[in-house]
Amino acid sequence: MPKPLAFIIEDDPKLSAIISITLDDDFELETCADGNTAMQRLETIVPKVVILDLNLPGLSGREILKHIRSCQRFAQTRVILTTADNRKADTLDNDADIVLLKPISPAQLRELALRISSMP
Amino acid sequence: MSYQFTVSMLPLALAALLSGALAIYTWQNRQSIGATPFAIMMLLVYEWEICYIFQLAGTDLPTKLFWDKLMFVGVVATPVAWLAFALEYTQRRAWVNAGRLAALLISPVLTILFILTNELHGLFWTRVSLTTQGGFFLLDNINGPWFWVHALYSYTLITIGLVVIVRALLRWPKQYRGQMSWILFATITPFVANIIFVFKIVPILIDLTAFGFTVTAIGLAFALFHHRLLDIAPIARDIVVDGMKDGMIILDGNRRIVDINHAALQMIGLSGEQKYIGRPVAEILSKWPELVAHYRDVLEAEDEVRVGEGPVQRWFQLSLSTLFDENKSMIGRVITARDITDRKLAESKVQESEARFRQIVENASDLIYRVDIHGHITYANPSVVRLLGYVHEGELLGQHYLDFVMPEIRHQVQQTYRNQFLSKTPTTYNEFPVVATGGLEIWLGQNVQLIYEGEQVIGFQALAREITAIKRALDALRLARDQALEANLAKTRLLSKVSHELRTPLGGILGYAELLHQNAFGQLSEKQQKAVSEIMESVGYLSNMVNELLDEAQLTSNTATLQKKMFSPLTLIQQSTSGMDILAKKKGLEFSTYVDPAVPQQIYGDDHRIRQIVINLVGNALKFTKAGSVRVNVTRPNEDCWEIRVTDTGMGIPKESQARIFEPFRQLDPAITHENSGVGLGLSITKQLVDLMDGRIVLESEPGKGSTFTVLLPIK
């Protein structure tokens, strides 16, 4: 059984690397460091899980989230939103499947990613 | 019975007819004073005259005697009726009561009895006979002793009545003297006629007394009903003059008193008007010689005079006029005086209160002014004059109020007061700047009321206060507030930025430490594992601190908002305390949670923030409790709220510290130890969050025994 695809959109290369290492065993990975590129990639791929940073160069995480939620193609796609701003985290609570306030614990992230990717 | 009527009886018949008519007419007008006895008297006279006609017409003695005897009913009763009339007419009605009337009628009744039984004793007539004169049969009776008793009695009654009437008539005003003499003549006529007949002064055998009464009747009736004179004349002086509240004194040309009424005497302090008639006026006014001297030769005056001093001081409205006769020569003076002390007192009270109010208005530091309906100033108190840089009120009067208003807002101010006028708003308050002389800008805060005259608005009255200083202070305050808000926002933004910038590297540290810990980069030695654990713990602490600082910053700058939705309190408690039991077990503490079934399954609120509150309180309880238990109880004390109660058996909080425990950066023990590590924002944030939710947090604690934090939150 092929591993589900996780799309990591994170501009901080260190965090991107940490998340990649964390999810490498259980997911097929795609990474991207800015909003515009992420949007282009999303035209061709349909990830099972998107780890989405709210603050991104180019298109913001919020806009990408809105795009994902508006496309029928991504009906099965789960979004874990990461942010360092707890106020923004509060307001996005309803759109994302999970909001994680930075700093992120890799162990927690792995557990959550596995859990939501197995949801129908 | 046989009769012989002749033309010579016609006047007597006419008199009888007239008497009868007068009796009826007077009876119909019996509301007039004296009309009832007058009507009865006329009826008696009528009977007298009718019987007399038949007596005269009778041609034989029995016929004549029959009518003569019958006639005496009228003859004997008429004087009684006359007296009753005279008394009633001169306001002595009370004297005429049933007992006295009966007494008065004793003699007449006896007379009638003696007449009827005269044949037996001859007391009334000693001889009864017929005589002829000029072809007429006439009674020629010789009067007996009782006749003279009857005559004397009748004259007495008639005389008393006459005197009473004449005395009343004498008091009539001069202009009625003509009528008076006429009436006097009328009343005397029957008396004279009777004397003539009884004493046979003129040799006629026809009794003219009844004629006399008819003349009286005509005279009196004329006066009574035509001039309505009898209605008022006898009482005119007594009631009008004595009854009036105004004092009246009539003086003759030599300043002697001709008449003076009760009121005048009372004003002077005397009584008994009669004894002052004829006395010089200076004598009775000796108390006030200056008054007498002042008006000695004054012919016409209309003055207010003051007499006496102090509490007995009185004011009179004095009017003096001179009476002249037809030849324009002075015959006397009439003085009337009205006591106007009460009015004067009231006036002086009004003046006093007016002066008082004027003083208040004039000395008020507030600005008080009035404008007419067109906006022109009609009054300005000294404060207004001073404020606008003028010296006299006169300089302001007539100027338009808008000329003082700052030109830029004139239109707006004008509109405001036009609206007040149109909507008839009783009072308005407005603030606007005016310009004093020299261009000085002054802010006014003014109340404006409409001035009414009846239904019509005739102007505006303003009570204003200079608020320039207040206005400036307020502007400064507003600026300071805006700056503070700005600064607060900047602080929040900075904190937000700082915490974001801190979190990013923390993400790196925590991420790599955890990966190391999970041996993602190869197996670590035990020492290495321990070191990595320390790193992770420190990162956790740092991360918590960053969160708390940001929360506190948001709450103090009022930029924190609640994200409300429906949530399950049970799930919330389970989630926020999951993991807590592991910590408790580690410390050897008993840990329990209980959610009462009465608590609604779904509540509307910010579950994230409530979770934060629970974690804070439970975290604190676990941190500061060394032995015993930590319990979380969720209940619903009443319909409107639910309650989260966290009870521990920790060290407790002393009374003196309880109040400060919710202040930011406070901890019981200021020394930083491993045990109480933390910035001390947890409870401050908790309290602010509870406040933000319109809830309440209560602390009950006893040192050594433990603490209970109760959070009450509304159910909306």
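Mentor: Let us begin with helix H20 of chain B, residues 569-577, whose buried residues are B:Pro569, B:Leu572, B:Ile573, B:Ser576 and B:Thr577. Helices here are DSSP runs of H or I with at least four residues, strands are runs of E with at least two, and both are numbered from the N terminus. A residue is buried if 20 or more other C-beta atoms lie within 10 Å of its own, exposed if 12 or fewer, and partly exposed in between, with the C-beta atoms placed from the backbone. Before going on, note that this is a predicted model, in which local features need pLDDT of at least 70 and side-chain atom pairs count only at pLDDT 80 or more, whereas totals for chains, interfaces and linings use all residues. Residues are numbered from 1 along each chain as its sequence is written, while chains are lettered from A and ligands numbered from 1 in the order in which they are written.

Trainee: Why do the buried residues of H20(B) line one face of the helix?

Mentor: The general idea is that an α-helix has 3.6 residues a turn, so residues three or four places apart point the same way. The buried residues of H20(B) are B:Pro569, B:Leu572, B:Ile573, B:Ser576 and B:Thr577. Seen down the helix axis, these fall within an arc of 110° (the arc of the directions from the axis to the C-beta atoms), so they line one face of H20(B). On the other side of H20(B), B:Thr571 and B:Gln574 are exposed.

Trainee: How should I read two helices that pass each other, and at what angle do H1(B) and H2(B) cross?

Mentor: Axes are lines fitted to C-alpha atoms, for helices over the stretch in contact, and angles between N-to-C directions run from 0 to 180 degrees. The axes of H1 (residues 10-28) and H2 (residues 35-57) of chain B come within 8 Å and cross at roughly 155°. That makes H1(B) roughly antiparallel to H2(B), on a scale where angles under 35 degrees count as roughly parallel, over 145 as roughly antiparallel, 65 to 115 as roughly perpendicular and the rest as oblique. The crossing of H1(B) with H2(B) is left-handed, a term used if the near helix is turned anticlockwise from the far one by less than a right angle, clockwise being right-handed.

Trainee: Which residues make the contact of H1(B) with H2(B), and into what classes do they divide?

Mentor: Two residues are in contact if their C-beta atoms, placed from the backbone, lie within 7 Å. Among those making this contact are B:Leu12, B:Ala16 and B:Trp27 of H1(B), together with B:Phe38, B:Met42 and B:Ile53 of H2(B). The residues of the contact divide into 17 nonpolar, three polar and one charged; here Ala, Val, Leu, Ile, Met, Phe, Trp, Tyr, Cys and Pro count as nonpolar, Asp, Glu, Lys and Arg as charged, and the others, Gly among them, as polar.

Trainee: How many residues of each chain take part where chain A meets chain B?

Mentor: In this interface, 19 residues of chain A are in contact with 21 residues of chain B. On the chain A side, the elements that give two or more residues are helices H1 (13-23), H4 (86-91) and H5 (106-117), and H1(A) gives the most, with five residues. By class, that side of chain A has eight nonpolar, four polar and seven charged residues.

Trainee: What order do the elements of chain A follow?

Mentor: Chain A has five helices and five strands, which run β-α-β-α-β-α-β-α-β-α from the N terminus, and buried residues make up 41% of its 120 residues. Chain B has 24 helices and 21 strands, with buried residues making up 29% of its 716 residues.
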